[in-house]
Amino acid sequence: MTAATVMSGLLAVEVPYWASAIIKVGVIALVVPTAALVLGYVFLLKMMSFMQSRLGPMEAGPYGTLQLLADGLKFIQKEDIFPAKADRTVFALAPLVVLVSTFLIYVVIPTGPDAVVAQLDVGIFYALAVSSLSVVGILMAGWASANKYALMGGLRAAGQLIAYELPLVLAVMGVVIQAGTLDLQKIVTAQAEGEIFGWGGIGNPFILTQFVGFFIFLVAVQAETTQPPFDMPVAESEIVGGYQVEYTGFRFLFFFMGEFGTAFAFAALAAVLFLGGWALPWGDLTHWGFNIAGPVIMLVKVLAVAALIFWFRFTYPRLREDQLQRLAWKFLIPLSLVNIVVTGIFKVVL
Amino acid sequence: MTSVSADQRQQLAYVATQAADARLNVEIETEGMTLNIGPQHPATHGTLRLVARLDGEQVVEAEPIMGYMHRGYEKLAEVRTYPQVTTLINRIDWLGSFANEVPFILAAEKLMEVEAPPRAQWIRTVLFELSRIANITLFLGDMAVQLGALTPVFMAFRDREFVLNQIEAATGGRFHPNFDRIGGLKDDLPQGWIDDTKQTMEKMRDFCDEFEELVLGNEIFQARSRGIGIVPAEVGLAYGLSGANIRASGVDWDLRRDGHEALAYDQVDWKVWTHPDGDSFARYWVRLQETREATHIVDQLLDGLPSGPIMAKVPRIIKVPAGEAYAATENPLGEMGYYVVSKGDLVPFRVKIRSASFSNISITPWLLKGVYVPDIITILASLYFILGDIDR
């Protein structure tokens with residue numbers, strides 16, 4: 001079951017393979033910038049402004065909704081500057097690598113029984129693997145900029161992303177053990193059809209049992225997307241933007257889209273893993289209507305998780321690099337290991 | 001023993017130092033990198049340049065380089081009449097401008113042997129404390145933003161506005177009041193100002209309470225600032241630190257209480273806050289307490305404001321008799337003093353400005369040895385300098 005069957009089901013025509021491939025690519029290519037725009041507007045511009053007792057943009061479009069489009073247009077108009085000593089090829093490629101890693105995560109995120117680009121048996125494994133590709137892009141950017149601040153930012157990012165890859169994976173392990181599968185689609189079904197001590201009223205969203213995992217996942221996501229309190233790679237007041245410092249115009253825009261697109265993707269993963277994904281605990285999960293309702297349900301859950309992520313972002317100061325490593329290795333990883341052991345015991349006992 | 005002539009000895013010594021230098025250079029070059037922080041860097045809020053030699057993320061040595069904003073106020077003051085000088089020195093510490101005028105006027109008054117009437121002295125003290133609040137409020141937000149928390153600085157700007165409004169209502173200038181005159185003040189307070197100011201002080205106490213929880217109570221803020229940039233009292237004194245920086249090292253010294261200037265501080269009941277730790281956290285803590293204390297000082301002064309004239313009898317054209325005088329006050333950033341030399345002209349013969357930030361920043365090479373790059377920012381933010389106050 002793929003998106004192709006959805007389209008054929010809805011339009012009552014058989015969609016050839018090449019057409020469905022184009023549709024899928026088109027959908028993803030639309031979703032990522034839209035996601036970045038939505039998060040950027042709702043949280044970065046508006047929620048942050050309200051928290052800081054200001055209005056945020058109000059002029060471009062109703063309530064400033066078009067502000068980010070205007071900003072995007074502005075970025076595209078800017079000169080594409082290469083620093084004199086930069087490694088031009090690597091410098092030009094780095095933002096693309098970051099963006100590609102963001103695009104690749106979206107491929108496996110399910111938004112309905114059939115509304116998924118590619119249903120992989122190892123979906124969550126794949127998502128976490130491609131998400132860590134972005135560190136390559138960031139390192140490339142840091143190195144190729146031929147700038148000391150950029151280099152420090154790149155190295156900080158490398159250390160940080162590798163340290164937080166572990167708690168991220170280990171936090172997900174609890175869910176995987178409980179659901180018994182790596183397939184994101186089946187994880188959704190397992191939650192919708194689950195029961196809490198024999199009562200299936202609200203299914204069994206894994207946040208109830210895996211709250212420790214959810215917490216670790218959110219902290220690790222915060223670090224993976226280099227947001228405060230873990231924004232040392234870009235720390236404006238220290239290394240003035242880190243690896244982004246030499247980037248201008250649309251390449252900078254790519255980094256911006258990558259950052260917010262990844263935040264959206266991780267929020268979507270959290271929604272799938274812990275909040276029940278696109279499904280509601282009532283009704284027939286294979287009903288085609290979920291292909292329409294699913295994305296909406298997902299969006300609500302994603303925005304809820306993203307609100308949490310951005311709430312932290314606007315509230316907390318920044319940790320220091322060594323404190324960040326200490327938090328990862330001495331607290332999050334042992335905690336997630338304990339979580340796995342406890343989950344395993346319950347899985348065997350119950 | 002072979003005998004070596006003086007020339008040869010000199011030559012050998014030269015070769016030896018060259019070799020030693022070369023060895024040292026090679027060692028340093030292979031080990032670290034030199035990072036130029038500034039003069040355009042968000043953390044230096046102005047144009048301070050910091051040349052830091054790094055080993056990874058650790059600072060081997062750091063040297064502040066100042067002078068990018070030197071405006072030559074000491075020289076400019078020599079060609080301006082005494083009342084004109086206050087317009088210049090407003091711009092030294094631009095966040096607490098009124099406080100800059102006071103010590104200069106006090107020094108001039110000493111030379112002229114006039115004293116402002118009590119009401120003028122009290123209002124002077126009120127405005128002095130208001131500019132302290134306006135100044136330090138911004139520090140309270142700024143240090144948080146240097147540590148990566150975006151929100152507090154907006155709250156600080158928002159609430160600072162109330163104080164600036166009061167300063168504007170009384171003096172007509174938000175940033176550069178130019179209100180202090182030799183022998184008194186330009187004007188009396190406007191009607192209703194006292195009640196408004198008391199309400200504002202209420203708001204500022206709420207602001208202090210909020211920041212005590214929001215920033216000081218934050219675990220990450222504590223982790224970033226506790227034990228960072230510790231200044232032992234004797235080192236701080238040796239480097240000439242003043243103000244909250246030295247009080248945070250446990251030195252109980254405040255010119256408002258210990259100075260001998262004609263201000264109304266001895267008329268009110270207040271406390272000098274100190275902290276034993278001497279780290280960045282202590283400096284933030286002391287400043288926060290001082291802001292709250294300043295609101296109490298203002299309240300008490302407004303309650304007991306004496307009536308009477310606002311100006312002493314001074315000639316319309318001010319000619320200061322020959323002589324020398326020094327006056328220093330406890331400004332928001334620390335001790336600020338003016339040494340005024342007069343030859344009996346319309347203009348001062350020489351003005352030496354002792355500004356607090358210049359001395360406060362001089363401790364950075366000592367303080368920054370061995371810290372990590374993020375701690376540079378913490379320490380610079382907690383020492384709290386204003387570029388105009390360093391370069392003048």
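Guide: In chain B, 71% of the contacts with a separation of 6 or more are between residues 24 or more positions apart; two residues are in contact if their C-beta atoms, placed from the backbone, lie within 7 Å. This is a predicted model, in which local features need pLDDT of at least 70 and side-chain atom pairs count only at pLDDT 80 or more, while totals for chains, interfaces and linings use all residues. Residues are numbered from 1 along each chain as its sequence is written, and chains are lettered from A and ligands numbered from 1 in the order in which they are written.

Visitor: What share of the 392 residues in chain B is buried?

Guide: A residue is buried if 20 or more other C-beta atoms, placed from the backbone, lie within 10 Å of its own. In chain B the share is 49%. The C-alpha trace spans about 85 × 55 × 35 Å along the principal axes of chain B.

Visitor: How are two packed helices described?

Guide: By the angle between their axes and the distance between the axes. Axes are lines fitted to C-alpha atoms over the stretch in contact, and angles run from 0 to 180 degrees between N-to-C directions. Here α3 (residues 82-89) and α4 (residues 97-112) of chain B pack at about 155 degrees, with axes 9 Å apart. α3(B) and α4(B) are therefore roughly antiparallel, a term for angles over 145 degrees.

Visitor: Which residues of α3(B) and α4(B) meet?

Guide: B:Y82, B:V85, B:T86 and B:I89 in α3(B) meet B:N100, B:E101, B:F104, B:I105 and B:A108 in α4(B).

Technical notes: Helices (H or I, at least four residues) and strands (E, at least two) are DSSP runs, numbered from the N terminus. Angles under 35 degrees count as roughly parallel, over 145 as roughly antiparallel, 65 to 115 as roughly perpendicular and the rest as oblique. A residue is buried if 20 or more other C-beta atoms lie within 10 Å of its own, exposed if 12 or fewer, and partly exposed in between; C-beta atoms are placed from the backbone.
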